[in-house]
Amino acid sequence: MEYLLHIAIIALCFVVLAVSLDLLAGQTGLLALSHAAFYGLGAYTSALLAIHAGAPFLLAMSAGMLVAAFVSLLVSIPSLRLHGDYFAIATFGFQMILYSVFNNWSEVTGGSIGISGIPRARVFGMTIESRAGYVLLAGVFAVVAIVVVRRIARSPFGRVLRAIREDEPFATALGKNTTRFKVTVFALSAAMAASAGSLYGHYNSYIDPSSFTVLESILVVSMVIIGGAGSVWGPVLGAIVLVALPEALRFVGLPLAVAANMRQILYGCLLVVMMMFRPRGLVGQYGLGE
Amino acid sequence: MPVLRCENLDKAFGGVRALDGVSLSFPGEGIVAIIGPNGAGKTTLLNVFTGFLRADAGRCFYGDQVITSLPPYQISRTGIVRTFQDLRLVRDAPVLENVLLARPHQRGERLLSAIFPIGVAAQERKNCERATELLDFVGLTSKSSALAGTLSWGQQKLLTLACCLAAEAQVLLLDEPVAGVHPQLIERILELLRKLRSEGRLIIFIEHDIAAVKQIAEHLIVMDDGRVIAEGEPAILLERPEIMEAYVA
């Protein structure tokens, strides 16, 4: 039971990550390979504030979100002049830079050893100790993320994002400051990813750079692709499938060492199959790159 | 007083002078056609006026305001909107949504208002009413929920016209509004342009269809090799053999 609760918490963290990336990649058409970097920024900021300044969970998380949003401006403002593949490569570069900072700035981040002893989340005077409590907390985070993204998708703001996705010059010719929209949605997406990082850190009580690599960014992109970009529920489905499915391999009877590596093979196979037969994902509106 | 004008515009692409000292002024209202052979600089001129290209030299004005260095979205907000030769639309969105996109000053386009939509629904309703009126004006009411990409070429041209009107533009810069369109639809488009002119708008359109130009243009500008080679009444200019020779060439 504890194991299933742990999987549920991780799945819900990835729901927040996938839904927030879909806002950027699915709704706006900006494929970014840097989501794990913002996930990590949120985790590290929150952990450091909680440990060294005694900041309560919600305050530490908010700080992590603000830091991620601010850092996203440093990425988006120069990169948003680039289009398509070049933008993705620029964000990939940023991901590598942030990972390098997490891994090498030992005085602050602990380097490859990471940060341990992150205090448990305390919300409305209650310290959350049990996994069931974290499932509830992560569930709230996921619901809030889904509601926010759904409202944006259905709003005039979302209408402009889709126009940017489809034909940015058209939106510009109609008086829309498309740069403002792109910078704003990048910042929001980064902040949401950071909130998931903060939650993860306080749940796990330990973080290290290996949770925030480019492979994690690619995993989140895969969740959006497999679930379906541009639909609110697609990334949710993608996150659940890509977290739950590999865990099912444990019950197939494979040796542990093989099962761990099978996960990567499974992700790769799923992506290839989806791209060949269902590029719009399970329930998506668009294929990424269409 | 001229609404839109430019002084000594230059624009080169490598060794090709797409605009070479172009100076023009347009009145506050009317229908002006710009013709010329391919590569004359017509679309380049439109792109410079609307901020999609930066001139190498020269200035553009809208009223007293210098608009040369403004980004396209700001120029659009001053009251100048354009269409594109290659027909730009949000093809995967319904027709109505394309027109709604063009509505200015939408509260719901702010992030906080999108997440906490207080007062947005009322404005959205008004915008929907206006968008529906415009679709009725261009004859696309029955297609309002169809995806824009499923419309015929001519219907898409009508849709881009509706979008220009939804933006509440005073000046419409249209790049080949009747190119590739069925003759029946051409008549409808031309009739719509006449109606808009009677409402006091300035319509500047680029065209290769001389018949359409003869039907509605009140003033004609002929361009070739990045320069204005003639300007005046269409009926007179189009009779001049050197104009037709330059145009056909």
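Residues are numbered from 1 along each chain as its sequence is written, while chains are lettered from A and ligands numbered from 1 in the order in which they are written. In this predicted model, local features need pLDDT of at least 70, side-chain atom pairs count only at pLDDT 80 or more, and totals for chains, interfaces and linings use all residues.

Trainee: How far apart do the C-alpha centres of domain 1 and domain 2 of chain B lie?

Mentor: Glad you asked! The bounds come from an automatic or database domain assignment, which gives domain 1 as 1-79 + 169-249 and domain 2 as 92-166 in chain B. The separation of their C-alpha centres is 27 Å.

Trainee: Which helix gives the most to the side of domain 1 of chain B that touches domain 2 of chain B?

Mentor: Contact here asks for C-beta atoms, placed from the backbone, within 7 Å. It takes 10 residues from domain 1 of chain B and eight residues from domain 2 of chain B. Helices (H or I, at least four residues) and strands (E, at least two) are DSSP runs, numbered from the N terminus. With four residues, the top contributor on the domain 1 side of chain B is helix α7 (residues 183-198).

Trainee: What is the bridge partner of Y62(B) in β5(B)?

Mentor: Strand β4 (residues 57-62) of chain B runs antiparallel to β5(B), and two bridges join them. Within β5(B), the residue bridged to Y62(B) is Q65(B).

Definitions and conventions
Contact = placed C-beta atoms within 7 Å. Pairing = 2+ DSSP bridges.
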